Amino acid sequence: MSEEFKIEIVNPEKSFLSKEDVTEVVVPAFEGEMGILKDHISIISFLKPGIIKIFSKSGEDNYYVEDGIVEFKNNNLSVLTSSIFNIKDIDKDKISELLAQAEENSKNSDITDQNKYLVDQKIDVLKTLN
């Protein structure tokens, strides 16, 4: 019996990724990192800044995501996000630029607690990539 399911990642520009041989996905949900396998219970959750890890028969892929919504239903995982990068393709200058911008946003005295939490998450993840 096959242990595979389908993933589709969509951003505003295009359908970013579509794979049908996925065996596991780990997403940075607001509730914490969430591992999804075939036949997982149906879910809808918000994403926080972090790494989406996709395991498939062709190997492992890692993507940096800043926000979004994840839905798993009928062995189809959909990720809608405004910002996603393949970690293999992102250069250190882009990471440094995103990190500097996030650190600047973190210093804003008018920032809400929720936005402060998200910016701090983004800073932590970007530091691990840098």
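The expected span of a helix is 1.5 Å times one less than its number of residues. Helices (H or I, at least four residues) and strands (E, at least two) are DSSP runs, numbered from the N terminus. Helix H2 has 17 residues and reaches 25 Å from its first C-alpha to its last, close to the 24 Å expected at 1.5 Å a residue. The structure is a predicted model, in which local features need pLDDT of at least 70 and side-chain atom pairs count only at pLDDT 80 or more, while totals for chains, interfaces and linings use all residues. Residues are numbered from 1 along each chain as its sequence is written, and side-chain values use heavy atoms, with hydrogens and water left out.

The domain assignment, taken from an automatic or database source, gives domain 1 (5-86) and domain 2 (92-129). Eight residues from domain 1 and 10 residues from domain 2 take part in the contact, where contact means heavy atoms within 4.5 Å. The C-alpha centres of the two domains lie 22 Å apart.

Helix H2 (113-129) has the buried residues Val119, Gln121, Lys122, Ile123, Val125, Leu126 and Leu129. Buried means under 20% relative accessible area, exposed over 50%, and partly exposed in between (1.4 Å probe, protein chains only). Among the elements that cover these buried residues are strand S5 (50-56), strand S6 (59-65) and H1.

The largest pocket has a volume of about 210 Å³. On a 1 Å grid over the protein atoms alone, a pocket is an open set of points where a 1.4 Å probe fits, with protein on both sides within 12 Å along at least five of seven lines; lining residues have an atom within 4 Å of a point. Grid points are joined across faces, edges and corners, and the volume is the space filled by probe spheres set on the points. Of the 13 lining residues, Pro49, Glu66, Asp67, Leu118 and Val119 lie nearest the centre of the pocket. H2 gives the largest share of the lining, four residues. Because domain 1 and domain 2 both give residues to the lining, the largest pocket lies between them.

Two further residues complete the picture. Asp93 lies in helix H1 and counts as exposed because its relative accessibility is 62%. Asn76 has its place in strand S8 (residues 76-80) and, at 35% relative accessibility, counts as partly exposed. Leaving aside residues up to four places away in sequence, Asn76 touches Lys6 and Glu71.
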